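Let's take a walk through this model together, one region at a time.

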Amino acid sequence: MPYLQPFDPWKSSLCTCPPKYSLNPYTGCGHHCLYCYATSFIKNFYSPRIKKDFLKIIEKEITKIPKESLISLSNSSDPYQPLEKKYQFTRKFLEMLKNTSHKILIITKSNLVLRDIEIFKKLKCAISITITSKKFCSLLEPGAPSYRERIDTLKILSQEKIPVSVRLDPIIPGINDMEIFEILDEISNFVKHITISTYKAKPDSFKRLINAFPQYEELWTKLYIKEGEKIGKAIYLNQQIRFALINKIYQKAQLYNISFATCREALKDFENPQKCDGSFLIPT
Ligand code: SF4
């Protein structure tokens, strides 16, 4: 299977992303986010490892895709997870792109991304930083940089004029559904676009969350198991709750004049097709 593949999120009709390629320089991820959906389909996900002959293979694959392709790094791992410090596969891949016309979208939670600012300035790229919670960050994403480090990363990227958006997701009732508004206040000066989505329960991530936050077991069992809605292979909050929650965040984003999109929420009112992943910020 090629390392560089057309992005195809389970052929889901809910996905409104523009056409793009997806690349994961590593298999698995060391950020250990409890809610991670990739653990349900990638074996030993929390034992991240390098990909065999990654640089040699990707150097060839990159010559085979059309000019000006959009490449998303990464959809099933973090390209700046701890392994990147040692192996630098992401950095070396980006260096390969310097003389191409491809567009790059980087999705990360890590301040390690700042190491490569000088490379970003030479590429057509945008960065998306995921920020979830100030209060529960270390429990929720035990291997990832802190809330403060992510906010600082966002500020530096913005000051350096690197196009940057924020993923405020997943929103998990009880954890960050209230806090998300404070976070939005804090980031509003540094971001032009946000993408939000609610937590979609899968058996393994649901169990991890309950183990870490037993105080919410009753609430989540009610909202997801008893009243939730099965869409595809995941259980969503029911439509009424999703709508009310997303509408409140949307209204606040409007106040700040921040462009807004949702990710696979199955709510037409809040879809922003082709803009949902923040790649529209990439300079042409
Ligand atoms: S950073 Fe992304 S891929 Fe890595 S564990 Fe967290 S949610 Fe999963």
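On a 1 Å grid over the protein atoms alone, a pocket is an open set of points with protein on both sides within 12 Å along at least five of seven lines, a cavity is a set where a 1.4 Å probe fits but cannot get out, and lining residues have an atom within 4 Å of a point. The model is predicted, so local features need pLDDT of at least 70 and side-chain atom pairs count only at pLDDT 80 or more, while totals for chains, interfaces and linings use all residues. Residues are numbered from 1 along each chain as its sequence is written, and side-chain values use heavy atoms, with hydrogens and water left out.

Let's begin with the second largest pocket, which is lined by 22 residues; Gln5, Ser22, Asn24, Phe41 and Ser76 lie nearest its centre. Two elements give two or more residues to this lining, strand S1 (5-6) and strand S3 (26-27); strands (E, at least two residues) and helices (H or I, at least four) are DSSP runs, numbered from the N terminus. The volume of the second largest pocket is about 570 Å³, where a volume is the space filled by probe spheres set on the grid points, joined across faces, edges and corners. Its lining divides into 12 nonpolar, 7 polar and 3 charged residues. Here Ala, Val, Leu, Ile, Met, Phe, Trp, Tyr, Cys and Pro count as nonpolar, Asp, Glu, Lys and Arg as charged, and the others, Gly among them, as polar.

Next, look at the ligand. Around it are Cys29, His31, His32, Cys33, Tyr35, Cys36, Phe45, Ser77, Asp78 and Lys109, each with a heavy atom within 4 Å of it. His32 is found in the loop between S3 and strand S4 (49-50), and has a positive phi of about 55 degrees although it is not a glycine.

Most residues other than glycine have a negative phi, and most peptide bonds are trans. Here, the bond from Leu73 to Ser74 is cis, with omega near -5 degrees, and Ser74 is in the loop between strand S5 (70-73) and helix H2 (83-87). The bond from Asp169 to Pro170 is also cis, with omega near 0 degrees, and Pro170 sits in strand S8 (residues 164-171).

Now turn to helix H8 (residues 203-212) and helix H9 (residues 217-226), which pack at about 155 degrees with their axes 10 Å apart. H8 and H9 are therefore roughly antiparallel, a term for angles over 145 degrees. In H8, Phe206, Leu209 and Ile210 meet Glu217, Trp220, Thr221, Tyr224 and Ile225 in H9, where contact means heavy atoms within 4.5 Å.

Finally, the largest cavity holds about 40 Å³ of space, and residues including Cys15, Arg167 and Asp277 line it.

Definitions and conventions. Axes fitted to C-alpha atoms, helices over the stretch in contact; angles between N-to-C directions. Parallel < 35°, antiparallel > 145°, perpendicular 65-115°, else oblique.
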